[in-house]
Amino acid sequence: MPGFDGQRGGFLERLRSAGGEVSGAFGDLGTLLPYAVAAIGAGLLAPTPVFAGFAAGYLLVAGVYRMPVSVQPMKALGAVIVAGGLTAVETAWAGGIVGAVLLLLAAVPSFERAARAIPQSVVTGLQAGLGLMLGTVAFGLMSQDWIVAFAALAVLGLSFVLRRGPWALAVVVGAVLLAPYAGPPAVPAMPAGGAASVQAVVSGVLAQLPLTLLNAVVVAAAVARSLYPDRASHVGERKLAATNGLLNLVLAPLGAMPMCHGAGGVAAHHRFGARGIGAPLTIAACCGAVALMGQEVVGILMAIPPAAVGALLVYAAVDLILSPRLLDARPDCRPVIAAAALATVFWGALAGLLTGLAAEVLRVHVWRKLRPGSPEPGA
């Protein structure tokens, strides 16, 4: 019957859509778990405020963007924390200061114009460089157990057959079930308190700000507009800076981990099927449940095989590297993209930006010299 077939088709489509939202909700655990587990396992940050912070962040995303914009640990500050460079008090100060700066920038009307003035070739290079950095972390995690890593990659590879299947969720559930049979990752000992050191706070802020402005604002906006062209107006640079800033200014002093809207997380949520408000609400509910478990959850998190987390992370890295802007770039733009990407990998996002801008200036002048009167090509 045509009517019944239509109803069945509609039901199956809704079921696939719901499955994609649930699976996509867990797509960014590859960036969330490594930093959170390391900081919690070492006793520096408490699990309840950390996961309550992520829950609040995803609720904010659901309300403001109504689409799967990621909420993940700030990578530079997270790395400093894991290395033992910041105490809990210093982490709170650093996160709050970064949040205040981002809110101030969001209040400047010209901030968005300045962000969008960065050439596409440079943004594409930054995106590829950040993807390479994530890939390095991913392979480091997977190298701890290649059998688990390849099993997780095989499951995640099914996303190329059925893009909105529950593959990320299957890997997460499998990792939890395997947790009793795998040893916990080694976590460095870190200081757990004490007065804040101004030098440590300033160093952490200066390391994080360029990465946040580029990865969590400029590149994140570009990735979101590329993946969701019909909702591009929902994700502007000023709005991303404002929500990034609000999360940290309010929650970091309460014990949450400094957070941002990373470009890799946006790609990861989309890769595993997230398209709307369902994914941020799902992960918010899960983080809230973990927060309520408190210390009981530490043992479970510490025992999840890092190789499975790395497998999730590698997919986010690949999506960042192989962006449509890279694949469609003009030949003369590709050296600029490569220069920005390599500088980002070896010296950080700020160096990648400066190198990319210098290469872009050189490209424009060389192009005009070789082909006078030709319009400037785009990336």
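**Reading burial and salt bridges**

Modeller: In helix H2, the buried residues are Leu29, Gly30, Thr31, Leu32, Leu33, Tyr35, Ala36, Val37, Ala38, Ala39 and Ile40. Keep in mind that this is a predicted model.

Biologist: On to charges. How many salt bridges does the structure hold?

Modeller: There are 4. To call one, look for a side-chain nitrogen of Lys or Arg within 4 Å of a carboxyl oxygen of Asp or Glu. Arginine 231 and aspartate 230 qualify, with their closest N and O atoms 3.9 Å apart. Arginine 231 is buried at 19% relative accessible area, whereas aspartate 230 is exposed at 62%.

Biologist: Which residue does aspartate 332 pair with?

Modeller: With arginine 363, at 2.5 Å between the closest N and O atoms. Aspartate 332 sits in the loop between helices H16 and H17, and arginine 363 in helix H18, so the pair ties together parts 31 residues apart in sequence. Both aspartate 332 and arginine 363 are buried.

Biologist: What other salt bridge does arginine 363 make?

Modeller: One with glutamate 360, also given as 2.5 Å, N to O. Arginine 363 is buried at 8% relative accessibility, and glutamate 360 is buried at 9%. Through shared partners, salt bridges join Asp332, Glu360 and Arg363 into one network.

Notes
Residues numbered from 1 in each chain as written. Predicted model: local features only at pLDDT ≥ 70, side-chain atom pairs only at ≥ 80, totals over all residues. Heavy atoms only, no water. Buried < 20%, exposed > 50% of the residue type's maximum accessible area, 1.4 Å probe, protein only. Helix = DSSP H or I, 4+ residues; strand = E, 2+ residues; numbered from the N terminus.
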